[in-house]
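This report covers a chain interface and a helix packing. The sequence and the structure are shown first.

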Amino acid sequence: MATSRRIDVEEVGEVTIATFVDKKILDENNIQQIGSQLFALVEEEGRKRIVLDFSNVEYLSSAALGKLITMDKKVKASGGKLRLCSIRPDIYEVFAITKLNKLFDIKDTQEDALQGF
Amino acid sequence: MKMKSGSAVISSDEAAALDVQDQIIELLESFSFSNRDLFSIRLALAEAITNAIRHGNRMDPSKTVTIEWAVSPQQISVTITDEGAGFDPETLVDPTEEENLDRPGGRGVLLIQNFMDEVIYNDRGNSLQIIKQMSASES
């Protein structure tokens with residue numbers, strides 16, 4: 001199966017910003033690819049401080065939430081920190097309903113996420 | 001505008017599921033449902049069809065998922081039926097409990113219930129009807 005790039009990665013100082021490319025993170029193939037690409041940031045590239053930027057994301061399913069939870073565990077296990085930012089209100093509601101807004105460190109903007117990170 | 005209804009039978013395949021979602025969303029756009037409603041319905045459809053494929057049919061490509069919809073200017077109703085043994089939604093653990101928060105799965109049903117106005121299971125638990133009223137227009 002062809003794998004395309006699902007996240008854009010850039011570095012600001014010691015922080016890695018990973019921006020989701022897709023508008024819809026709904027189907028299994030897509031979500032598997034996103035998971036592998038996120039996990040590689042920690043497991044292969046050893047990145048410690050990671051910001052996930054959701055500004056392009058319009059839809060997100062519960063299976064995608066599962067990958068984010070696993071990512072959070074991997075980052076913490078390696079002694080790093082993960083922040084989420086730029087989540088639009090509809091999607092923030094998904095985090096609020098599932099109470100995952102308590103589990104994740106969520107900031108309004110990328111600037112806020114980089115502040116004191 | 002009158003009511004419009006339709007149906008699709010797909011194999012246990014996520015790409016086919018996305019096509020049906022797109023088809024239903026396109027129909028809703030022609031009925032002027034708000035973006036907020038479209039978000040809720042697409043999310044609920046994605047969760048319900050994914051559950052039917054993964055948990056109902058256990059990804060068996062020889063099994064199908066039937067999706068039937070009826071849209072009017074007031075509401076949408078969609079019934080999703082798989083060929084699995086069915087389940088009792090009452091037996092699911094609450095994914096919002098502190099001790100379950102870091103589990104990677106088990107949130108689809110919760111999201112469907114929150115984003116839809118009505119969620120009705122058949123007795124066997126292999127068929128789910130979801131209903132959403134059109135929201136008052138945001139002006």
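Which residues in α2(B) meet which residues in α3(B)? On the α2(B) side they are B:Ser40, B:Leu43, B:Ala44, B:Glu47, B:Ala48, B:Thr50 and B:Asn51, and on the α3(B) side B:Gly108, B:Leu111, B:Ile112 and B:Phe115. Contact requires C-beta atoms, placed from the backbone, within 7 Å. By class, six residues of this contact are nonpolar, four polar and one charged.

The model is predicted; local features need pLDDT of at least 70 and side-chain atom pairs pLDDT 80 or more, while totals for chains, interfaces and linings use all residues. Residues are numbered from 1 along each chain as its sequence is written, and chains are lettered from A and ligands numbered from 1 in the order in which they are written.

The model has ipTM 0.91 and pTM 0.93. Chain B has a mean pLDDT (the predictor's confidence in each residue, from 0 to 100) of 94, with 97% of its residues at 70 or more.

Helix α2 of chain B spans residues 35-56 and helix α3 of chain B residues 108-115. The two pack at about 145 degrees, with axes 9 Å apart. Axes are lines fitted to C-alpha atoms over the stretch in contact, and angles run from 0 to 180 degrees between N-to-C directions.

Between the chains, 21 residues of chain A are in contact with 21 residues of chain B.

Helices are DSSP runs (H or I, at least four residues), numbered from the N terminus. α2(A) gives the most to this side, with seven residues.

Notes. Two residues are in contact if their C-beta atoms, placed from the backbone, lie within 7 Å. Ala, Val, Leu, Ile, Met, Phe, Trp, Tyr, Cys and Pro count as nonpolar, Asp, Glu, Lys and Arg as charged, and the others, Gly among them, as polar.
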